[in-house]
Amino acid sequence: FSFFSSVPGAQSAAMPTMSPVVPANTPPRAQGTKGWHLSAVAKVKDAKSAAIAATKSFEAARGAVQATMSLNSSQANALRDKFHRKVKASAELVTLISGSVKAVNAASDAVLKSATELQALKNGLRPLVALNKQNSQRRAQKPPSELLEDPSHVALREELEHLEQGTVWINERVSLSNKIKAKLREARANLESELDSKAGGDLVDRWAWDSKRVYRSDERPHSRDDPDGRPSTKIGRHHEKKRKDETGRSVRMAESLCAEAAQLVHHNNHVVHQVKENCRAAHTKVDGALQKSCRDILAVQHKVETALSSIESQVTKMKAGLHETEVSMKEAQRREVVNERRREIRRKRPQTEMIPDEVAAALEAESLQVRGCLEELKFSENKQRKALDRLMNQRQALVNDLQAKSISLQVDQTCLRLMKGQAGGLPWRGSASK
């Protein structure tokens, strides 16, 4: 009964001792035997009544203690059950938020990786743009006769258009990626803050749930919802629903951002693949066009060299024929001078001898023949000189064309050499599409 002794009124109602109590001022002789017996009987009755009253008081106190202990136990069990539900709900929310944080981190890493690939592709396109412009400027330095709309020029212009378009696409995707990364960082910060809050609440609830506190009869258990000791079920449910709704909104927002990030990464990969394919096709087309241009120039150069060699031989023959004509003309002129000298000498004959004879006729005929030959030789010389001039003009045109073709060939070969030197750093080198 050491515990029940702490109950108020329990000690005062304890059973008294059975020893008789005699008043001190009562003289022994004044009391008789009968009176003493009556007094003893009355006192026994009083003692019995006091014992019965004490027993009833004890039973009432024990009932009150049992009721208080039962109430405290039921309230403690209800509070522990409530803390258990809160701990379970908080653990679920923490797990859900942790999964959302991991998903956001993964999406952020994917977006960052995609943005890095876009930036690397953009950096890889810059040398190609510079090389394309350099090749275009170098080809613009060709001779005027070679400045025509050839397939190489068209391919270079198309490649530059693809490179510039790819750069524009990459800039757009990088801008969108930066926006998504900012949203993901903000969402991750909100989720981590909410996770810290939920983890702190879950820690407090676990401590309260795991604590083994014993309540005294004059104490009542206290809950976080109701400091007075009465568990507020309605308010607690409202708070739990509010917490779940807030977490649900955060998680749905994180899932939406993750889906948007996944779509962005997919579109970025498509853009990277498309840009690489377009630039690779354009670059291959430029390379093929330059190689074809070099082959064509070499073929034309060979034909020009063959034609030039043929014209050189014809010029040599024409010069030899012209030399022979000149020698023949000089011989005819000498013969004409000799004939004229003979005729002058024959004119010095006496008058009587000035008669037509066979010698004079022969001299006259020879003079006519020499003059005719000389006229034919002059005509032939004039014709041969005109033909030789035409051949020389053609020869000079072929020489100029050969020089232009040589310069064009050097330009195209230089462009090809630079492109082959750039082949090791092409952005699509080693890709699956290649």
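C294, for instance, takes part in no disulfide, and the nearest cysteine sulfur, belonging to C415, lies 8.4 Å away. Because a disulfide calls for two cysteine sulfur atoms within 2.5 Å, the distance of 8.4 Å to C415 leaves C294 without such a partner. In general terms, a disulfide is a covalent bond that joins the sulfur atoms of two cysteines. C294 counts as buried, since its relative accessibility is 7%. C258 is buried as well, with a relative accessibility of 16%. It should be kept in mind throughout that the model described here is predicted.

The chain contains 4 helices and 0 strands, and its pattern along the sequence reads α-α-α-α. Of the 434 residues in the chain, 32% are buried. The accessible surface amounts to about 27,900 Å², and carbon and sulfur atoms account for 57% of that area. Contacts tell a further part of the story: among those in the chain with a separation of 6 or more, 87% are between residues 24 or more positions apart.

The structure holds 14 salt bridges. As a general point, side chains of opposite charge can pair when their charged atoms come close. One of the salt bridges joins the side chains of R334 and E331, with an N to O distance of 2.3 Å. R334 and E331 are separated by about one helical turn, because they stand 3 residues apart in helix α3 (residues 233-347).

The side chains of E336 and R371 form a salt bridge with an N to O distance of 3.6 Å. This pair links distant parts of the chain, as E336 belongs to helix α3 and R371 to helix α4, 35 residues apart. E336 counts as partly exposed because its relative accessibility is 23%. R371 is partly exposed too, at 37% relative accessibility.

K405 is located in helix α4 (residues 358-422). Is K405 buried or exposed? With a relative accessible area of 12%, K405 is buried, because the value falls under the 20% limit for that class. Residues up to four places away in sequence aside, K405 touches E146, I297 and V300. The side chain of K405 also meets that of D401 in a salt bridge, at 3.0 Å from N to O. These two residues, K405 and D401, are 4 places apart in helix α4, so about one helical turn separates them. D401, with a relative accessible area of 24%, is partly exposed. Elsewhere among the charged residues, salt bridges with shared partners join E326, E381 and R385 into one network.

A last pair shows how sequence and space can be set side by side. K292 is found in helix α3, and its relative accessible area of 42% makes K292 partly exposed. How far from K292 does D412 lie? In sequence, K292 and D412 are 120 residues apart, while in space their C-alpha atoms are separated by 9.9 Å.

Methods. Residues numbered from 1 in each chain as written. Predicted model: local features only at pLDDT ≥ 70, side-chain atom pairs only at ≥ 80, totals over all residues. Heavy atoms only, no water. Buried < 20%, exposed > 50% of the residue type's maximum accessible area, 1.4 Å probe, protein only. Contact = heavy atoms within 4.5 Å. Salt bridge = Lys/Arg side-chain N within 4 Å of Asp/Glu carboxyl O. Areas by Shrake-Rupley, 256 points an atom, 1.4 Å probe, with all protein chains shown as cover.
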